[in-house]
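User: Could you walk me through some helix packing and a few buried residues in this one? I'd like the cut-offs as we go.

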Amino acid sequence: MVIAFTSCEKNEVAPLMIPTSYDGANFQANASNEYALRDNFAAFVRELQKGRVAGTVVTAASLRTVFENGGSNSVSANLPADQRPLYLAMFEEVEKASRGTGYVFGNTPAQSGQGGVNNGYLYDENGLEIEQILDKGSFGLIFFRKGQALLQNPTLENLDKALALFGANPSFPNTPTASRAAQPDVLMANYAARRTPAAGGLYTQIRDAFIKAQAAIKAGADYNKERDEAIEAIILGWEKVNAATIVNYLFSTETGLTTTNADQRTLSIAMHAHAESIGFLQGFKGASGKRITDAQIDAGLASLNSTQPFRLIGSPTEIAKLSALRRTLQSIYGFSDSELESFRNNWITVEQR
């Protein structure tokens, strides 16, 4: 009996010891390619944003140049192959719109010609800000997919790479404000910070999951269960931030479009937010292992009038679909009513952090 008891004691695994911070000793070396991709993506977005200035033509050729710059770390090389023709086609649409004389909300596509700038945002003839489809759509198509793929092989190096693709770093500053952090959050980590009050929420949950995953990997095979739990929490948390951000922009769009006697500036801000909703939602289509299904994404895009956003202007029926989509996302991800209301805020602005 003594021998058997001693044997059982030796087979017991001690609880995983989880530190309070993430070990960044090898982070910069491990994530160098991911940082190069981040830089190339930022340059691509800057080129797109030149079209926000009326009279500035952004050519398809200039977009293709920055899209392909960086070799294996270019935006092009990291985009799913089936999306490349769609991006190139959208470059042509950006150029066409940037050559337009302006966009007026309330006009039909026939009246809008090629589209153009309205209060600092470039819209095509259908009232769609293609910049946001290319920018925010890439958050899912490139960064989430690459991070998810890396985490299927959860090594310490791949965890560092995934952290960089999420847009955070080992210090987890929980702010995109450059004056408040040596390495501020970018990409989805920026939006996680926006959706998270200082008291805690999605950002801190993902941070804790990264710390736990690193501790479990370091501790060895006896802690694979804890490692896998943490990896699952990272991936789901990443997806939840995307959904919470769509909720935020749906609130903004509805508020703007239901403003009494809304002027063109109010409508432009609302439809800019609308395009962000479309981009964030559309970018997750086709990704494996996500909670939202492609069918649910297609239904959401249809309710957003994703190819003809102009239909929302002055249409209570179409605007009502925005709140319905919020409730759908709440159901899919299990957000509480208080969480949904919290997502209305940009907590970085509210808390000035």
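**Helix packing and buried residues**

User: Where does Lys-136 sit?

Analyst: Lys-136 lies in helix H8, helices being DSSP runs of H or I with at least four residues, numbered from the N terminus. Before going on, note that this is a predicted model, in which local features need pLDDT of at least 70 and side-chain atom pairs count only at pLDDT 80 or more, while totals for chains, interfaces and linings use all residues. Residues are numbered from 1 along each chain as its sequence is written, and side-chain values use heavy atoms, with hydrogens and water left out.

User: Is Lys-136 buried or exposed?

Analyst: Lys-136 counts as buried because its relative accessibility is 6%, where buried means under 20% relative accessible area, exposed over 50% and partly exposed in between, with a 1.4 Å probe and protein chains only.

User: And what does the side chain of Lys-136 make a polar contact with?

Analyst: The partner is the side chain of Glu-276, at 3.0 Å; a polar contact is a pair of N or O atoms within 3.5 Å, and within protein one must be able to donate a hydrogen and the other to accept it, with residues adjacent in sequence counting only if both atoms are side-chain atoms. Leaving aside neighbours within four places in sequence, Lys-136 is in contact (heavy atoms within 4.5 Å) with Tyr-191, Glu-276, Gly-279 and Phe-280.

User: OK, back to H8 as a whole. At what angle do H3 and H8 cross?

Analyst: The axes of H3 (residues 32-49) and H8 (residues 130-151) cross at roughly 170° and come within 10 Å, the axes being lines fitted to C-alpha atoms, for helices over the stretch in contact, with angles running from 0 to 180 degrees between N-to-C directions. That makes H3 roughly antiparallel to H8, given that angles over 145 degrees count as roughly antiparallel, under 35 as roughly parallel, 65 to 115 as roughly perpendicular and the rest as oblique.

User: Which residues of H3 and H8 meet?

Analyst: From H3 there are Leu-37, Arg-38, Phe-41, Phe-44, Val-45, Leu-48 and Gln-49, which meet Glu-131, Leu-134, Asp-135, Ser-138, Phe-139, Ile-142, Phe-143 and Lys-146 of H8. The residues of this contact divide into nine nonpolar, two polar and four charged, with Ala, Val, Leu, Ile, Met, Phe, Trp, Tyr, Cys and Pro counted as nonpolar, Asp, Glu, Lys and Arg as charged, and the others, Gly among them, as polar.

User: How do H8 and H12 run, parallel or antiparallel?

Analyst: H8 and H12 are roughly antiparallel to each other, since the axes of H8 and H12 (residues 224-257) cross at roughly 170° and come within 11 Å. Phe-143, Phe-144, Gly-147, Gln-148 and Leu-151 of H8 make the contact with Ile-231, Ile-234, Ile-235, Trp-238 and Glu-239 of H12.

User: What about H9 against H12?

Analyst: H9 and H12 are roughly parallel to each other, and H9 (residues 156-166) packs against H12 at an angle of about 15°, with the axes 12 Å apart. Leu-159, Ala-162, Leu-165 and Phe-166 in H9 meet Ile-231, Ile-234 and Trp-238 in H12, a contact with seven nonpolar, no polar and no charged residues.

User: Changing topic, what joins Arg-326 to Glu-254?

Analyst: A polar contact of 2.8 Å joins their side chains. Arg-326 lies in H15 (residues 316-333) and is buried, with a relative accessible area of 9%.

Technical notes
Helices (H or I, at least four residues) and strands (E, at least two) are DSSP runs, numbered from the N terminus.
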